[in-house]
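Please look through the structure shown below. The paragraphs after it lead through the two chains in turn.

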Amino acid sequence: MRPFIEIENLKYVYPSFIPPHAGGQRGGGGQIVALRGVNLTIEQGEFVALIGPNGSGKSTLARHLNALLLPTAGAVWIDGLRTSDAHNVWAVRQKVGMVFQNPDNQIVATTVEEDVAFGPENMGLPADEIRHRVDDALAAVGLLDYRQYPPQMLSGGQKQLVAIAGALAARPSCIVFDEPTSMLDPVGRRQVLDTIRRLNAEEGITVLLITHSMSEAAMAQRVLVMEAGRMVMDGPPAIVFERGARLRALGLDLPPIVDIAQRLQAWGLPLPQGVLTVQDMVDALC
Amino acid sequence: MSALPIGMYVPGNSILHRLDPRVKMGATLVLMMIPFAVHGLWGYVALSTFVVTAVLLSGVPLGALLRTLRTVFWIAFLMFFLYLFTTPGEPLLALGSIAITRQGLLAAVAQIYRLCLLVTVASLLTFTTSPIHLTHGLEAMLSPLERARLPVRELAMVLTIALRFVPTLQEEIDKIAKAQRARGADFRTGGPLRRARNLVPIFVPIFVSAFRRADELATAMDARGFRSALHRTRMRKLRLGSLDLLATLIVMGLVLTVIWLG
């Protein structure tokens, strides 16, 4: 069977205006070359984190996964559908949902349930089916009691959960999270990360989590690192984090607990490989 | 967050809250026109009884209604004196060349009454109808115009999004104003021109951010599969119930009564 996401030698050049989400490397003639030949496959059900410095092409790559951007060269297949075929666009957008950074700027309606209904309404489903999906999606993020609330009465974390429910209501196989926690307080961050983890573990939803936080990346089964439009590392967190010096050169700091573990090993303490969380450290030491 | 001056939705479950928005909007239109058909005392009594009953049924706090009425105070004030002094007729009181006439006094009172009625009826609609219902109702009532190629559904979508962002932008204005004040900006003193100029440092950042928001929202809508409104269906369908039928009959009854009373 083909992998769920297949990216082959993907290149993308922004036309000569500045893309809204900034970043990227300026090429000649004012053009911005954002992706310089990315190859990647992601299987159904994987939990993948994508990290890299600002302007390395993370968001640009993410936007190729549901046909918001189309390749300048190369190709992207989602569940066997090539995104550059115009008649695949709507199917691809149903299969891959997206959650963006700013929760305020992705909520379209004046109540929670109306907003969650937006995706299924766009799909032209009958009213009963929409109602059913909205209830399921709100239950999955634990916001059923808030269905009638106006979005401005919710916390940042709750708004982001509404955005996740909005993506879920289209019944996608995969959700791409583009720095979903960077504008949230610690409580909201925890709510959102717990929800992402649960959706992956219990509903089998493929997750691509773009993040600046290495601790969040440590949650994933697989970590991708991008630099200047190229994929430079790809592996389980424990393996990727071993290359601490290279990551630091990219401006990416190891999660504190991984950093401590590596320093202790350098001091000669016999710690096992793959300490990623405080719990791992406790287990190794006690 | 500072409160909006007029017609903010007051959540509730009164009979008026439960009426179909189309019925409420239709009734509001009728009630806004009907005062112009009223001329005699009994017509006013019938109309007033109806509106006062509706206000009481709505459970809207009277303070909120009075605050709304206060917003038209100066217009009412001007209108009153305009009618009082310019209507010719049988003089009650003469001050040199200016005379207050019996007809003038009656006309002035009638105009104020009509204005207050208009404002009361309009705010009853917005007090008891949530923005979503309002847009749904508007969409439904304008839908015949789709045949004339008016993009009614798109307009409703635009309206919903505008309503959605009112509190967000309000919050942001507050935040920017505070930030500017912290750096010594002054929005309170000086003449109107000076004060208007001092608002520039608030509105420039607001515009910049509003455009950024619009851009991000458009991307998010694309990602959620938004295409032309023609492909869309709605979760919430408006359905007329027996209550709506009853309300329609009562309003029609009122219209006939008022016309009959003259």
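This is a predicted model: local features need pLDDT of at least 70, side-chain atom pairs count only at pLDDT 80 or more; totals for chains, interfaces and linings use all residues.

**Charges and overall form**

The C-alpha trace of chain A spans about 65 × 50 × 40 Å along its principal axes. What radius of gyration would a compact globule of 286 residues have? It would be near 19 Å, and the 20 Å of chain A agrees with that.

Next comes the question of how much of the chain is covered. Of the 286 residues in chain A, 55% are buried, and buried means under 20% relative accessible area. The accessible surface of chain A is about 11800 Å², and carbon and sulfur atoms account for 52% of this area. Contacts can also be sorted by distance along the sequence. Among the contacts in chain A with a separation of 6 or more, 64% are between residues 24 or more positions apart.

**The interior**

The largest nonpolar core has 57 residues. Which residues have the most contacts inside this core? They are Val116(A), Ile164(A), Leu168(A), Val225(A), Phe241(A) and Leu247(A). Helix H6 of chain A, residues 156-168, gives the core its largest share, seven residues.

Leaving aside neighbours within four places in sequence, Phe241(A) is in contact with Met214(A), Ala218(A), Leu247(A), Leu254(A), Pro255(A), Val258(A), Gln262(A) and Leu276(A). There is also a second, separate core, which has 36 residues. Among its members are Leu65(A), Leu68(A), Met98(A) and Met231(A).

**Two loop residues and a helix residue**

Ala67(A) is not a glycine, yet it has a positive phi of about 65°. The residue sits in the loop between helix H1 (58-64) and strand E5 (73-78) of chain A. Is Ala67(A) buried or exposed? Ala67(A) has a relative accessible area of 6%, so it is buried.

Asp79(A) also has a positive phi, of about 50°, although it is not a glycine. Its place is the loop between E5 and strand E6 (81-82) of chain A. With a relative accessible area of 38%, Asp79(A) is partly exposed.

Apart from its neighbours within four places in sequence, Asp280(A) is in contact with Gly274(A) and Val275(A). How far apart in space are Asp280(A) and His132(A), C-alpha to C-alpha? The distance is 41 Å, and the two are 148 residues apart in sequence.

**The other chain**

Now turn to chain B. It contains 11 helices and two strands. Along the sequence the order is α-α-α-α-α-β-β-α-α-α-α-α-α. The globule rule gives 18 Å for 262 residues, but the radius of gyration of chain B is 23 Å, well over that value, so chain B is more spread out than a compact globule. Its C-alpha trace spans about 70 × 55 × 35 Å along the principal axes.

What percentage of the 262 residues in chain B is buried? Buried residues make up 37%. Chain B exposes about 15800 Å², with 71% of this supplied by carbon and sulfur atoms. Of the contacts in chain B with a separation of 6 or more, 72% involve residues 24 or more positions apart.

Last comes one residue of this chain. Leu246(B) is part of helix H11, residues 242-261, of chain B. Its relative accessibility of 48% means that Leu246(B) counts as partly exposed. Leu246(B) and Thr189(B) are 57 residues apart in sequence, and their C-alpha atoms are 55 Å apart in space.

Terms used
Residues are numbered from 1 along each chain as its sequence is written. Chains are lettered from A and ligands numbered from 1 in the order in which they are written. Side-chain values use heavy atoms; hydrogens and water are left out. Helices (H or I, at least four residues) and strands (E, at least two) are DSSP runs, numbered from the N terminus. The radius of gyration is taken over C-alpha atoms; the globule rule is 2.2 Å times the number of residues to the power 0.38. Buried means under 20% relative accessible area, exposed over 50%, partly exposed in between (1.4 Å probe, protein chains only). Contact means heavy atoms within 4.5 Å. Accessible areas come from the Shrake-Rupley method with a 1.4 Å probe; for residues, only the protein chains shown count as cover. A nonpolar core is a set of buried Ala, Val, Leu, Ile, Met, Phe, Trp, Tyr and Cys residues joined through side-chain atoms within 4.5 Å.
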